[in-house]
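This report describes a protein chain by looking at its helices, its charged pairs and its surface. Keep the sequence and the 3D view open while reading.

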Amino acid sequence: MRVEKMYYTFGGLHMFGIGVIAPAYSPYMLSIGLSLAEISLVNAVFWIVMICAELPTGMLADGKSRAWSLKFGALFFGTGAAGYSIATDVTSVALSEAVIGIGASMVSGAKQAWITDALDKVGRKEDVRKVFATDAIITSFLMMAGGFIGAYIATINYRYIWGSLI
């Protein structure tokens with residue numbers, strides 16, 4: 001498989017999963033008893049963890065490999081989504097958000113750095129801008145498609161949307 005196809009696949013699946021959860025994110029949390037203030041709190045947990053984890057996870061990606069960082073970032077996303085699927089209160093939701101925040105920090109930057117390095121390695125560094133542009137189109141479309149699918153899934157059961165991120 002060409003490196004850009006792996007890049008598109010990873011990014012497309014990631015954004016599709018985010019698209020699936022987006023339409024029912026807040027209604028799901030309200031359905032398990034969180035208040036609007038608690039929803040804001042767990043969102044703050046995500047952002048604080050992600051920002052604080054950026055430097056250490058970036059150093060890990062540089063030290064181990066960017067592909068390693070992407071694999072473990074996906075693992076953290078999946079683990080956080082699994083936690084969300086069984087969450088019952090603000091603490092379990094905040095813990096799931098923290099795990100997803102670590103995953104997001106592992107993926108942040110590593111994805112673009114990985115494809116840049118991979119294309120350079122095969123002598124195609126000039127294709128980076130085209131790959132980034134194509135990825136933006138693919139991921140935007142798949143996120144939108146995921147949103148429609150997630151909205152439908154949420155009409156059946158809000159908890160089902162979290163299986164899509166795994």
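Ala 118 is found in helix H6 of this predicted model. The residue counts as buried because its relative accessibility is 11%, and the limit for buried is under 20%. Ala 118 and Ser 65 are 53 residues apart in sequence, while their C-alpha atoms lie 12 Å apart in space.

**Helix H6 and what follows**

Helix H6 has twelve residues. From its first C-alpha to its last it reaches 16 Å, close to the 16 Å expected at 1.5 Å a residue. The buried residues of H6 include Trp 114, Ile 115, Thr 116 and Leu 119. What do the buried residues of H6 pack against? Their partners are H1, helix H3 (36-63), H4, helix H5 (90-107) and H7.

Thr 116 also lies in helix H6. Leaving aside neighbours within four places in sequence, Thr 116 is in contact with Lys 125, Val 128 and Phe 132. The C-alpha atoms of Thr 116 and Glu 126 are separated by 9.5 Å, and the two residues are ten places apart along the chain. After H6 comes Gly 123, which has a positive phi near 75°.

**Helix H5**

The 18 residues of H5 should span 26 Å at 1.5 Å a residue, and the end C-alpha atoms are 25 Å apart, which agrees. H5 is mostly covered, with 13 of its 18 residues buried. Gly 109 follows H5, and its phi is positive, near 85°.

Glu 97 is found in helix H5. This residue is buried yet has no salt bridge. How far away is the nearest side chain of opposite charge to Glu 97? That side chain belongs to Arg 159, and it is 13 Å away. A salt bridge needs a side-chain nitrogen of Lys or Arg within 4 Å of a carboxyl oxygen of Asp or Glu. Not counting residues up to four places away in sequence, Glu 97 touches Tyr 25, Val 42, Phe 46 and Tyr 84.

**Gly 80 in helix H4**

Gly 80 lies in helix H4, which covers residues 66-85. Is Gly 80 buried or exposed? Gly 80 is buried because its relative accessible area is 1%, and buried means under 20%. When residues up to four places away in sequence are not counted, Gly 80 touches Ser 96, Val 99 and Ile 100. The C-alpha atoms of Gly 80 and Ser 92 are separated by 9.9 Å, and these residues are twelve places apart along the chain.

**Salt bridges**

Side chains of opposite charge can pair when their charged atoms come close. The count in this model comes to six salt bridges. The table gives some of them.

| Salt bridge | Closest N and O atoms |
|---|---|
| Glu 4 and Arg 124 | 3.0 Å |
| Asp 62 and Arg 66 | 3.1 Å |
| Arg 124 and Asp 127 | 2.9 Å |

Take the pair of Glu 4 and Arg 124, which form a salt bridge. This pair links distant parts of the chain, since its residues are 120 apart. Glu 4 is in helix H1 (residues 3-21), and Arg 124 is in the loop between helix H6 (110-121) and helix H7 (128-156). Both Glu 4 and Arg 124 are buried.

For Arg 124, the relative accessible area is 18%, so the residue is buried; the limit is under 20%. Salt bridges that share partners join Arg 2, Glu 4, Arg 124 and Asp 127 into one network.

The salt bridge between Asp 62 and Arg 66 can be described by the accessibility of its two residues. Asp 62 counts as exposed because its relative accessibility is 57%, and exposed means over 50%. Arg 66 counts as partly exposed, at 25% relative accessibility.

Which residues make the nonpolar surface patch of about 380 Å²? The patch is made by Phe 141, Met 144 and Phe 148. Phe 148 is found in helix H7. At 63% relative accessibility, Phe 148 counts as exposed.

Conventions:
Residues are numbered from 1 along each chain as its sequence is written. This is a predicted model: local features need pLDDT of at least 70, side-chain atom pairs count only at pLDDT 80 or more; totals for chains, interfaces and linings use all residues. Side-chain values use heavy atoms; hydrogens and water are left out. Helices (H or I, at least four residues) and strands (E, at least two) are DSSP runs, numbered from the N terminus. Buried means under 20% relative accessible area, exposed over 50%, partly exposed in between (1.4 Å probe, protein chains only). Contact means heavy atoms within 4.5 Å. The expected span of a helix is 1.5 Å times one less than its number of residues. Patches are made of residues with over 30% relative accessible area and no salt bridge: like charges are joined within 9 Å, nonpolar side chains (Val, Leu, Ile, Met, Phe, Trp, Tyr) within 5 Å. Accessible areas come from the Shrake-Rupley method with a 1.4 Å probe; for residues, only the protein chains shown count as cover. Lys and Arg count as positive and Asp and Glu as negative; His and the chain ends are not counted.
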